[in-house]
Amino acid sequence: MCFLDHLFAQQWRFNYNDFKDSDPDQNGLGRRLPGGAWNYYAGTIPSFCQSNKVWGTNIDDVYALVNYNDTHWIAMWISIPKRHIVVWDNICSNISPEDLDVPFTYERPTNIPPARAGDCGVYTLKYIECHALGIEFSKKDFAKANRKTMRDKMTVDIFQELPDAHEFENKDNDANLGAYEG
């Protein structure tokens with residue numbers, strides 16, 4: 001299982017037309033990949049959490065966050081052995097199978113809990129978490145009353161999962177660490 005960061009999706013979004021316009025081989029594959037895509041495929045980036053596992057060999061499932069048109073977050077699950085893509089989008093109007101243009105089957109579930117404006121990013125992460133753990137999307141769990149708790153819990157979980165990344169990210173900002181103290 002592989003979880004991609006938003007930079008991967010952003011890179012693909014910006015270079016997707018070049019990928020689509022490149023000539024595929026006789027199997028419909030072999031198109032030109034955006035710079036750095038091979039490094040994700042081989043698990044050598046992002047540097048703070050390298051897996052060194054290769055998609056399709058060591059990894060069957062890929063989860064990605066996609067910031068669509070810089071206005072809306074959606075979640076994608078790509079099953080490599082099944083050659084199948086699932087898009088969880090609480091607006092259900094952003095990406096069509098034609099937009100993907102890949103030799104995979106495509107599914108867009110409509111039974112996912114909707115998010116209000118500003119919550120799509122948190123819901124996107126929660127959709128991926130539920131699917132990866134085999135938990136059904138409960139409309140009760142995604143209810144309006146639980147939104148703040150869900151957001152707070154997710155923030156703490158992410159912060160606790162990457163303790164070494166915080167030190168790395170703040171190395172250049174050490175001089176400012178005490179700027180807001182009493």
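Here are a few exercises on aromatic pairs and strands, each with a worked solution.

Before you start: this is a predicted model, where local features need pLDDT of at least 70, side-chain atom pairs count only at pLDDT 80 or more, and totals for chains, interfaces and linings use all residues. Residues are numbered from 1 along each chain as its sequence is written, and side-chain values use heavy atoms, with hydrogens and water left out.

**Exercise 1.** Work out why the pair of W38 and Y41 is called tilted.

*Solution.* Start with the rule: rings of Phe, Tyr and Trp (its six-membered ring) pair if their centres lie within 6.5 Å, and planes under 30 degrees apart count as stacked, over 60 as edge-to-face and the rest as tilted. The structure holds five aromatic pairs. In the W38 and Y41 pair, the ring centres are 4.7 Å apart and the planes sit at 40°, so the pair is tilted.

Next, find the two on the chain. Both lie in helix 2 (residues 37–41), three residues apart, about one turn of the helix. Helices (H or I, at least four residues) and strands (E, at least two) are DSSP runs, numbered from the N terminus.

Last, check the surface. Buried means under 20% relative accessible area, exposed over 50%, and partly exposed in between (1.4 Å probe, protein chains only). W38 has 53% relative accessibility, so W38 counts as exposed. Y41, at 28%, is partly exposed.

**Exercise 2.** Find which parts the pair of Y127 and F137 ties together.

*Solution.* First the geometry: Y127 and F137 are 5.3 Å centre to centre with 55° between the planes, a tilted pair. Now place them. Y127 lies in helix 4 (residues 120–133) and F137 in the loop between helix 4 and helix 5 (147–161), so the pair ties together parts ten residues apart in sequence. Both Y127 and F137 are buried. Finally, look around them: W88, Y123, Y127 and F137 form one aromatic cluster.

**Exercise 3.** Follow W88 into strand 4 and say which way its residues point.

*Solution.* Strand 4 covers residues 84–88, and five of its five residues are buried. H84, V86 and W88 point one way, while I85 and V87 point the other.

Now the neighbours. Two strands pair if DSSP finds at least two bridges between them. Strand 3 (residues 72–79) pairs with strand 4 in the antiparallel sense over five bridges, and A75 stands opposite W88. With strand 5 (residues 105–107), strand 4 pairs in the parallel sense over three bridges; here I85 stands opposite Y106.
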